Structures are given as C-alpha cells and as structure tokens.
Amino acid sequence: MPRKLSLVIAFTLVLPLGACGLFESKPSQDDIARTFLADFAGGDTAGAAQLTDDANASKALMDKVRAALKPTALKLDATASQPPSGDTATVPFNANWNLDKGRTWTYQGSLAMTKASGDWRVHWQPEDVHPKLSAQQSLALTVVQPDPAPVLDRDGAPLLAPTPVIGIAVDRKQTPDLNAVATALAAALNKFDNSITAQSIIDGATKTPDGQAYSVVNLRDSDYQSVKAQIHELPGVTFATQSQLLAQNKSLGPQFLSTLRTAVNAQVAGAAGWHVVTKDAAGTTVADLAGKDPQPATSLTTTIGTGIQAAAQNAIAGVQQPAAIVAMQPSTGEILAVAQNAPADAQGLIALTGQFPPGSTFKIVTGVSALEAGKVTLDGPLPCPGKTTIDGRVIPNENEFDLGTVPLRTAFAQSCNTTFSQIAAGSLTSQQLADTAKQMGIGADFTVPGVVTVTGSVPVPTSTVERAEDGFGQGKDQVSPFGMALVASTVVKGSIPTPTLIRGTETKVNTPAQQPVPGPVLDSMRQMMRAVVTDGTAKAIRDIPDVAGKTGTAEFGDGKNSHGWFVGYRGDLAFAVLLVGAGTSSPAVVVGGNFLRAVK
C-alpha cells in the first residue's frame, strides 16, 4: 500500500506540468481580430497597431481616420469567421460610428488575417478600416450647410434672404509683414466698418492661436468686388465664400433687421447635411460612402410691411438726433414697422426697449384715468393758467401760455401742463394713475418671438408733487416708442392688443389681464386726440385726413434739454415717433406727417 500511494502522488504532481506543455494554445485569428477591433474602437491605436504586420503604417492611418471623423463613440464587433485557409483567414466585423449631432455611420467590413511563425496578425491594408478604402487614401467627414430660408414681410417679399458673403481673414504666420498687410486691409475695408483699423487687425491677429486665421470682416459679394484688386494678393490673407441671411435692403432698418436675424437664425438655418468620403493623397474626393443631404428650413413670415417700414425709415433718415418710429396694427397687434436712424442704432434698439420720459403724450393716460373716474367730462370747463404751484413745485405751460378756463378737449389739444398736473394732483389717487397706465399697456410684459420689447413703467407716486408731475409725463414715468404705440393702439382697439412679429408664433403675456377701458371713455379720448391735429399742437399736419394724436415735449437730465414725441393713429395704423433731444415736439410732428403721407 505505501508504494502504490507514492506512485499516485507522483503522478498527480507531474500531470499539471505535462498538461501545460501539451495542451496550451495560442490566440486564434478571431481572438486577435477582436482585440484589434476593441483597441481601435477605444482609441488605443498603438495597441491595435502591435497586432498588425505593419505597426507604423496601421497606426498612422488609424490616427488619421479618427482625427478626421472625430467619433463620439465607435463600436467594432467581430462576427463568426470561416475556418482559416492555411496561414490566411478573414474575420468579418460590424462597424457603428457615432459622428455626433445625430450622424450615425454603419457598415460591414472584414479583416485580412495572416499567420507567421505560428502567430496570427492583422494583415494591414486600408481595406481593414473600410472595404472601399484603398492605398494612399483616407476618410473625411464633410458637413454641408444648406442656404438659410428667407424671412419674409407680411406680403411675402424677402426682408432677409440667403446672400453670398466673402469672409476675409488673415493668418499672421503666413504674413511676412503683418503691419504692412494690416495697413493695406484697413485702408480698403474701413469704409465698410469704421471700427476696422490697422491696429485692430494687428491686435486680433496677434491674439489668434497659431494655425488659425483672424476673421477681419464678412462682405457682400458686390462690396468685395469693389476692393478685390486692393487686397486679393496680400500675403497671408484668405477669402472664403459662404451664404448668410442678410437684409435685401441695407437701409431698411439695419439695427432692427440685425436683431431679428440673430433671433431667427436657428429657425431658418435648416439641417446640415453630412457625408463620409474617401480622399486621395491630393485631397480630392474619390467616393461618397455615407451621409445625408442638407434639409433647408421653411421660411418665416413676419408682420412687417416693407412699404410701411421704408416710409418710416425715410421719414427719419435726415434727422440729426437719434430718431425712432414704431408702427402697429391695433386690430391685430401686428408690428408693422420698427425704424431707427443711424444715431439711434448706435444706442441699440431704442425703438423697442429704450426708456424715456413721455412728456405730454402721457396726458392720454391722465385723461383716460380722469374720465374713467368720472372726475372730468369732454366739454367740462377746467382752468389752464400759464403756471400753477402744487406743494411748492411750480409747473408752467410752454412759454407760460394762459388759456383761462377751457373745455377738457381744448386743454388736451393745446397741451396744458397746468390743467393735467392739477387733475392728477387733485382728482386722482396715486394708484389710479398707475392702474390706468397698465390698462393702456404701459408696464405690460410681453415675450414676443423675434425681438425683446419693454413697454415702460409708471411707479405709484409717493407724493402729491410726484402725482402732479406724472400727470403731464414729467415724473418717474418711463416709456419706449413701442410702449406708446401700444397706448395709441389701445385707444383704437378698446383693449390692449397682443403684439406679434412672426406669424405662426405665440406671444406670451407675462402680466395679469387688465380690465378694458370703458367704450365711452375711449370715444372721448379719440375726439380729443383728433382735436390735437385739427386745432391743437399737431395742426401742422391737419391736411392729412383722419389723423389723431398727441404731441409731447419731455424734459430730461437737468431740464435744459427735451425729447420730441408724436403719438397717434390713422385708421388701423397706430404709431409713435420719438426724436431724442429734439428740443420740442414740432420736429416729431413733421416726421410723423412725412411718414403718414408716404404710407399707402
């Protein structure tokens, strides 16, 4: 028994050693293929290359392909292979490339396998990446942007449309003399944009990372052609053509249309197309392997009337001060025109968001508030002295004109500051004036797709003097031309219209609904606004039929300067004209008249 036991023990000790030597197998072609594919998919191109018979060439191409396609995810799965034929084999695989932004590329490929010295390796050839990739070729991803869809006016004419644009850039590393090139560029391009100087180009190019070009300006093709001879041969300067959404008439509200374009760019950009292609050593496309064509977006239609917009722009074109006009259709709330001249454009889109004292145009609100409260009547007599004193605050009429005692309609038409300050101080509560302003649209908060708007604000007065000053628009009241166009529209419609700019979109009203002003009150206000034009401060344009309005001279700052306002309507067209720092309302009335005469 002892001897037999020792034999068994010896045998069990020897068996494992013998098993290792006799039965250990090397990785199969499938094992090598799976490891290669996993390394390539995971970005370990060095590891994958070591499993090929040409590590340098394979790593170079794999790196180049990954850099060109920039996959956010890559899955390469080997499928069942056929038994090898001697020292060669083929291992099929499925490829799934995620190229970001919904771009997915799938295909079936195969790896050529070879066996040397008993070890399987991937026999390197470009076809191992894709079956249609040949020697001296690589892959590339091309993204094709569609032309943006146009933005149309209310009648279907283009306001903004795809336009060829040449982008001019400078690469300082390719420019032997940056100062000389910048000087030449600035001399040619400054007339298109006066912020372009030799120094601005030098500064921009210097701050741009190596290998990248500094974008100097984008020019319409016609503008580029006018300076091409001066700049085309400058060393280090490049020119790239693309399509951009631009105004078809550069003078038709540059600031407004630029703001509109920024707001709608994403909606009209369409969906970019993409293609995975093979390229030869010269960079020429050889074959299109996969992709999708670009999909243009649908055009947008605005409520802007090109004729009305042009009439507004032309009316303020010659004004030296910043000037703005906003026009609306009271029945619908559609914005018909947003016009500014160049001095106003320099301050932003003040037509829609600027905040200014309304001056006597606010007497519309004060008059409605007093009529609604039953404190006055259209023909009731009211004092209009040359000046009045309220709690120590002296309030004069313009040049202290004195009308004695006159009907409310006359005091309104002649713009008696003394009358309306006394109404606000003596007949209205602080809350009433603020509430009526909200009924007329001042303080209403809208989210209008396409633009940002601010109507204004009328804080509740905290003293009798403040209430008196608010009564003729010289307290803490602040309004925009948009806000005053809304006031005029409310007088016409009978309730605050919801403003819109892009058809098919919904404007959000972010303030509580207001009780409409009673019809009889608005009837009286319409008569008073008509009297302003027929017999009052706007009679310079009484030759224009059916116009009603209110003038306003609004002091600001130290009181030595004033804005000029004219707010009103004709039929289903409401408008607000503002001339910043004009001194009086008279120029605003002239501008308003020119605008209305031009509107068909």
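Is Arg597 buried, partly exposed or exposed, and what is its relative accessible area? Arg597 is partly exposed, at 40%. The views below come from a predicted model.

**View 1. Asp543 and Arg597 meet in a salt bridge.** The N to O distance is 3.0 Å. Asp543 sits in the loop between helix 18 and strand 23 (547–556). Arg597 belongs to helix 19. The pair therefore ties together parts 54 residues apart in sequence.

**View 2. Helix 9 packs against helix 19.** Helix 9 spans residues 306–316 and helix 19 spans residues 586–598. Their axes lie 8 Å apart, at an angle of about 150°. That angle makes the two helices roughly antiparallel. The crossing is right-handed. Helix 9 contributes Ile308, Ala311, Ala312, Ala315 and Ile316 to the contact. Helix 19 contributes Val591, Asn594, Phe595 and Ala598. Eight of the contact residues are nonpolar, one is polar and none is charged.

**View 3. Asp223 forms a salt bridge with Lys250.** The closest N and O atoms are 3.7 Å apart. Asp223 is in helix 7 (residues 221–231). Lys250 is in the loop between strand 9 (237–247) and helix 8 (254–268). The partners are 27 residues apart. Asp223 is buried, with a relative accessible area of 17%.

View 4. Arg526 is partly exposed at 25% relative accessibility. Asp523 is also partly exposed, at 39%.

**View 5. Salt bridges link Arg154, Glu334 and Arg503 in a network.** The structure holds 13 salt bridges.

Notes: Residues are numbered from 1 along each chain as its sequence is written. This is a predicted model: local features need pLDDT of at least 70, side-chain atom pairs count only at pLDDT 80 or more; totals for chains, interfaces and linings use all residues. Side-chain values use heavy atoms; hydrogens and water are left out. Axes are lines fitted to C-alpha atoms, for helices over the stretch in contact, and angles run from 0 to 180 degrees between N-to-C directions. Helices (H or I, at least four residues) and strands (E, at least two) are DSSP runs, numbered from the N terminus. Angles under 35 degrees count as roughly parallel, over 145 as roughly antiparallel, 65 to 115 as roughly perpendicular and the rest as oblique. A crossing is left-handed if the near helix is turned anticlockwise from the far one by less than a right angle, and right-handed if clockwise. Contact means heavy atoms within 4.5 Å. Ala, Val, Leu, Ile, Met, Phe, Trp, Tyr, Cys and Pro count as nonpolar, Asp, Glu, Lys and Arg as charged, and the others, Gly among them, as polar. A salt bridge is a side-chain nitrogen of Lys or Arg within 4 Å of a carboxyl oxygen of Asp or Glu. Buried means under 20% relative accessible area, exposed over 50%, partly exposed in between (1.4 Å probe, protein chains only).
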